[in-house]
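Me: Could you go through this structure with me? I'd like to talk about strand pairing and then about the chain contacts.

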Amino acid sequence: MKNEQGHHKTGKKYGMVIDLDKCTGCGACMVACMAENNVPFKEDETNKLDNIMWMRVYRMSNGKPFPDADICYIPRPCMHCEAKHGHSPCVSVCPATATDYSHETGIVSQIYTRCFGCRYCMAACPYHARYFNWWDPVWPEGMKNYLSPDVSPRMRGVVEKCSFCFHRYQLAKDKALTAGHREIEESAYQTACTQACPAGAITFGDLDNPKHAVYKLKHDPRAFRLLERLGTNPKVYYVTDREWVRWMADNYQDQEQKAKG
Amino acid sequence: MDDSALIPKGVKRCPFRQFALWIGIAGIVLLWGVYAMFLCWFKGLNQTNMNDAYGFALWIWADLAVIAVGGGAFFSGFLRYLVGKDELKNIINYAVLIGFICYSSALLILAIDVGQPLRAWFIFWHANVHSMLTEVAFCLSCYFAVLTIEYIPLILENRQINKVPFFHNLAHNMHEIMAIFAATGAFLSFFHQGSLGGVAGVLFGRPFSYREGVLIWPWAFFLFTWSAAAYGPCFTILITKITEVITGKKLVKDNVIELLAKISGWMIITYTAAKLIDTIYWAAVTAPSMGFTIDHFFGTSIYGIWILGAELILGGIAPGLILISEKGRKSPFGLWVAVIFGVIGVSLNRWVMVLQTMAVPVLPFEEWYLYIPSWQEVATTVLPVAYGVILIMISYRYMPIFPQEQELNPID
């Protein structure tokens, strides 16, 4: 849908703010995400280059020796980039229109049944948020009964990624319509990782809605985004008191840091 | 078995037994590749050593490289039919055959490389006009059709087939209108060669390959087209020379080779100058604005700064200078060195634009990604080479590929 100026009317812009000073790196968000979204796993998950983790917690280090050594855990879902004109790095390159940028929600979705596995989107994503199904999913005995009926499992040869638990948005929307509400309440649509985080480090909501907590948090002077200078315009913000994390997150070189003070 | 009735008149070929033996040897390699191909199709891409960091790997490099060196077909056609370099009619058949092999190989590799081969047609059906890969798919398929049309008259000129009046007339008429196909091929090639550069050049999430540009086209788009036109003829000359060594015959006159070599030399020199300017601008302006320095991109021994030097100096300046100098291109040694360095140079360029792009860490907490292809990947990459050898052997034996062969090798 377009307005008079020819621009897309952005209904909502769902996004996340993650407080890195609260994150302990426990991995509950990863586990919750996998369970919620029927993410397949292998018997041996040690090779992180061919396993699937829509939400992955990375570890950053300031590289200094004791006593100045410091580390930071940085959870990384899909950034649902908007980039310029809504052309996310991955959406614009997909040759079969198998990934889409929703102007209604700001969510980048993956159409599994249309993806033919060229992996161009993976090459385009600087966050490594996209995963290829190198194998067909194999569920341990009995586990099929516990898969979520709201999320379709993926087959071998297609790409998948974090959807900001889009099925929860659909359910919340249906509920709101049934109840006669026009708006989905902030609490009605929350991602699995947000709810699973024991430290409350993840906040989720509409980044453009002043009533939502994320709106205020993204304006925090300590807020930043990963690789902002690439121009991907991600919808996942991070907050931290630690300056070195903020510098490192956007690959600021030493001389640039000095110049910026 | 005697196949002399199929061999063009006035030329000599090796005994059939010898021919069959070499076809058999190449056939074994081909079967090895076909076996690996079926493994990939039936068991999936887990047969490769690709991973989520290295989604594009050996195959995509091979694809880009064969398309680049296969550029000799469109550029020779452009020079022969549109610019009017008439001498090139003596090498155009071979350039078309080499191009046909390269492009059919590229399409085959792409068919193996996708995770869901049965859905490969979605690229046409659900085409995303913003994607460079869509442009590649459309132009590549159309140009392959053009190459097929250009190759068909050669088949029809086989001694026995040509006896059939319909085929004789068809071949004649196709030759008459070949300029139209050459022009179509040049037009399509401009776009798909460029789009392959665009595939890497538009990746603004990958500062190593990202290039600014004009309108929707990154500079890499134009550099890829230019380099294919520059180095494609090098590959045509190289394969011609290899064929001459193997057959022990001179097949194309020196003036033809020298003309193509001279044009290729000037194209390489101008391309290298443009590439140098592009590299300087990228290293000084584009990459730093994204938070990266040139040191960051060349941080390992495998992907050291040497690779850039090798590409520009050994693969660009050296062959270019040899080929533009009369003495250089007239010297057999100079010509061999120049075309070999040229082919390696353009292949190296495609290598870094695919594999180094994947290897360079972008996130601040990443390390360099390195990858070694599995045997299935190697076998399927060797497959097109074996297929090409077989097709060249059959075409050379049964079709009048080289119009000057009879004159250069009279039979007593």
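Me: Which residue is the bridge partner of Met16(A) in E10(A)?
Reply: Val236(A) is the bridge partner of Met16(A) in E10(A), and strand E10 (residues 236-239) of chain A runs parallel to E1(A), joined to it by four bridges. Strands here are DSSP runs of at least two residues, numbered from the N terminus, and two of them pair if DSSP finds at least two bridges between them. This is a predicted model, in which local features need pLDDT of at least 70, side-chain atom pairs count only at pLDDT 80 or more, and totals for chains, interfaces and linings use all residues. Residues are numbered from 1 along each chain as its sequence is written, with chains lettered from A and ligands numbered from 1 in the order in which they are written.

Me: And how many bridges join E1(A) to E8(A)?
Reply: Five, with E1(A) and strand E8 (residues 202-206) running antiparallel, and Ile18(A) stands opposite Ile202(A) there.

Me: Why is E1(A) largely enclosed?
Reply: Because six of the six residues of E1(A), residues 14-19, are buried, that is, each has 20 or more other C-beta atoms, placed from the backbone, within 10 Å of its own. One side carries Tyr14(A), Met16(A) and Ile18(A), the other Gly15(A), Val17(A) and Asp19(A).

Me: Switching topic, how many residues of chain A are in contact with chain B?
Reply: 44, against 39 residues of chain B, where contact requires C-beta atoms, placed from the backbone, within 7 Å. The largest share of that side of chain A, four residues, comes from H3(A), a helix being a DSSP run (H or I) of at least four residues.

Definitions and conventions:
Two residues are in contact if their C-beta atoms, placed from the backbone, lie within 7 Å. A residue is buried if 20 or more other C-beta atoms lie within 10 Å of its own, exposed if 12 or fewer, and partly exposed in between; C-beta atoms are placed from the backbone.
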